[in-house]
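Hi,

Here is the structure I said I'd pass on. Have a look through it, and then read my notes below.

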Amino acid sequence: AKKPITVTLTGAGGQIGYALLFRIASGAMLGPDTPVRLNLLEIPQGVRAAEGAALELQDSAFPLLSHVEVYDDARSAFHGANVALLVGARPRSAGMERGDLLTANGGIFGPQGAAINAAAADDVRVIVVGNPANTNALIAASHAPDVPAERFTALTRLDHNRALGQLAATVDTPVGDIRRVTIWGNHSATQFPDIAHATAAGDSVPALLAARLGGTDSAREWLVDEFIPRVAKRGAEIIEVRGSSSVASAASATIDHMRDWVAGTPNGWTSAAVVSDGSYGVPEGLVSSFPVESVDGTWRIVPDLELDEFARHRIAASVAELVEERDAVRSLGLI
Ligand code: NAX
């Protein structure tokens, strides 16, 4: 039998954790032939909820699930981890300043990065979901000097999938036929969802939009006034309509990210926040979202895309925010 892959999930007693566990155990993330061992990490207050989820996993009798263990100690939880899903984070509470938020999360992602460095498997792949995801990934990576920086990523696949959903509805094409959409920058309101290169069943999306919306100017207006803000603020829209934040869609995007990282991106590029190599003017070392392909188990930034003035401006604005966050955590001594 195949040796199980060890998956460590933090925040396993929380909402996204609950939605993730059952998809992982069913094989949706690592495939139908790969057994998994689940290590669940929680803080003491969350341990009972994680234990409850573990009972339900047992009750689901997933043939691929070889073992589940609950921990409140990072070193033990990351021992032998091949895949690390960093979902647990400190949310912003009322009256909390940004510096407090970054410090609280530095207190989580610094030690978790160090634990990954000390205890994880050599091939560990890390995705940070907990917000502020890009900067939390930067903090974790900076505490894991022995792990190649390219193994630390953050989730912007949810933003990417949200963009696909909006486009599919607007150009009336099945969502699976849309390609070459990109989320650039930070997982925040400054992100830039870019459709300049997008295609729908092979046709240019900008051309389809112009035809549908009555010309290039109206298409541009729709892009700036409706599409970009709708995608960037979709999280708030979900909270307003659903009465609770995005959970299943966030878990689904996390599965998509890790599945594609391991198994490849047969349909061309997707979006992920990865450590910048300086591409597209994004300062080296920042964890920023790019168009990426997964080749031989490694994310590669799609090279040489032409960017117009508008795109360059939007990317620069989001990257400026990432630089600010990096400088803030640096001055707080968190990296
Ligand atoms: P919940 O509050 O339901 O769950 C978080 C869990 O993490 C809690 O059970 C808590 O006890 C645990 N936790 C806190 N600190 C921990 C630590 N040091 N080690 C282990 N566990 C710890 O939040 P949920 O709705 O599951 O969201 C989780 C995170 O995802 C939040 O930070 C949220 O902002 C972020 N999101 C990120 C998204 C993205 O696209 N990058 C989208 C969805 C989501 O908003």
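Glycine 130 touches Gly11, Leu86, Val87, Gly88, Ala89 and Asn136, leaving out residues up to four places away in sequence; touching, or being in contact, means that the two C-beta atoms, placed from the backbone, lie within 7 Å. This is a predicted model, where local features need pLDDT of at least 70 and side-chain atom pairs count only at pLDDT 80 or more, while totals for chains, interfaces and linings use all residues. Numbering starts from 1 along each chain as its sequence is written.

You'll find glycine 130 in the loop between strand S5 (125–128) and helix H5 (133–142). (Helices are DSSP runs of H or I with at least four residues, strands are runs of E with at least two, and both are numbered from the N terminus.) Glycine 130 counts as buried because 24 other C-beta atoms lie within 10 Å; the cut-off for buried is 20 or more, with 12 or fewer for exposed and partly exposed in between.

Glycine 17 sits in helix H1 (residues 15–26). It is buried too, with 25 other C-beta atoms within 10 Å. Setting aside neighbours within four places in sequence, glycine 17 contacts Leu9, Gly11, Ala12 and Val87.

Cheers
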